[in-house]
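Subject: Structure for you to look at

Hello,

Here is the structure I promised. Please open it and keep it beside this email while you read.

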Amino acid sequence: MVSPAGFRLGAVEVIRLGAVMDTALAGMDTPAAANGVALLHGTLPAVRPAHLPKVLQFCANIDAHHRQGEQRQWVARQLPSGCRLAETEREMVHGVLVTPRRELPVLHEGLELDAPEQWLWKMLYATEYAPPSEAEEELRELRLRFPTAVRGVAGARGLSVVGTAADPNPEQPPDFQYFDASSFHLATLHSDALALACLQKAVLDAFGREVARMGESEPLRRKVGQLERDLLVFRRGYWAADFGRQAVCTAIIRNLQRGCGLPEALQSLVGDLGELARQVQAAETETTNAILGLLAAVGLPLATGLAIWQGLPQSGAPSLYRTLAVTCVTTVLLMSAFPGLRRLFVTLFRSRAGRGSRTGRRGRIGRGGRP
């Protein structure tokens, strides 16, 4: 199966979030953009070496407005039944391995970068333009520790691996040579590392949108508590996951995390959820104080009046009505004399009115927007 951009598809692999995290995203009022990652394994078309970066760019571009969206439509058709591309995705994260038969050709003359470094930078960014002056420092920060005859870098755009010379084991039969093992690692461990980083980004994006939505109105304790628990599960599961002694895989994940700003996004989420929890606590404290103040403003005069009424020689109905009238007048005077009591009274009923309006809005969305 060949795509309009020339990508020859070999296999499709779909990795979904686990049941716990998938349920957490499904329970959010803001729909998550994605809950899984699709890996498309294959080979680039046979073109001149200088054209490979541009071909890779066309193969990874799934923008609906690029070439009438033909590449995006082709990718969507390769997904299993029930799966679809996220509407927010415009470019696929790619992992590519380039190996020479003899040696890598120099793509741009007059640069300080040698041929392998030029290939690393151009294939990582999938561009036909020459590397800039700061490319050498950038490659140094994104470098992966590969064994001899192979170099690699990883960043927000994906993974780029190149062979620096001819295969070190040409005597071996096909499928057992040195670069065959590199290709196998790219299709397995290294692709899994890319998929894990993409899942982390999808989950953090979903959490960010949900927290932003909750911040638009007074948050609810139950929702904030549930988000905090779900984020803890994510941190101890997906975020803390590693590949054991596979240092290259761990480095790939860390590079993608830094390139996409995921550590900063996680810390921001933790801080935002903590702020929402403090707002919930403050709102509940205000409500409790309002109830206690209202009870004191009404209950104290009422209890005093009833005690006086019971001590009267004639504690009949007329005297009871007079006592209740005096109690009401006393309560009104207390409200007028002490502004704090008025604020507590207004806070109590404003909070109850706010909860009622939010419940009404949720009911309308549920009936109109969901089956």
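pLDDT is the predictor's confidence in each residue, from 0 to 100. Over residues 356–371 it falls below 50. Beyond near neighbours in sequence, that stretch has 7 contacts in the model (contact means heavy atoms within 4.5 Å). The chain as a whole has a mean pLDDT of 85, and 89% of its residues reach 70 or more.

Some ground rules. This is a predicted model, where local features need pLDDT of at least 70, side-chain atom pairs count only at pLDDT 80 or more, and totals for chains, interfaces and linings use all residues. Residues are numbered from 1 along each chain as its sequence is written, and side-chain values use heavy atoms, with hydrogens and water left out. Helices (H or I, at least four residues) and strands (E, at least two) are DSSP runs, numbered from the N terminus.

Now helix α1, residues 19–26. Met-21, Asp-22, Ala-24 and Leu-25 are buried there (under 20% relative accessible area; exposed is over 50%, partly exposed in between; 1.4 Å probe, protein chains only). They sit on the same side of α1 because they cover an arc of only 155 degrees around the axis, taken from the directions from the helix axis to the C-beta atoms. On the other side, Ala-19, Val-20, Thr-23 and Ala-26 are exposed. The cover over the buried residues includes β1 (8–16), α6 (178–214) and α7 (221–239).

Helix α6 also holds His-190. His-190 counts as buried because its relative accessibility is 7%. Leaving out residues up to four places away in sequence, His-190 touches Phe-146, Leu-159, His-185, Val-248, Cys-249 and Ile-252.

Best wishes
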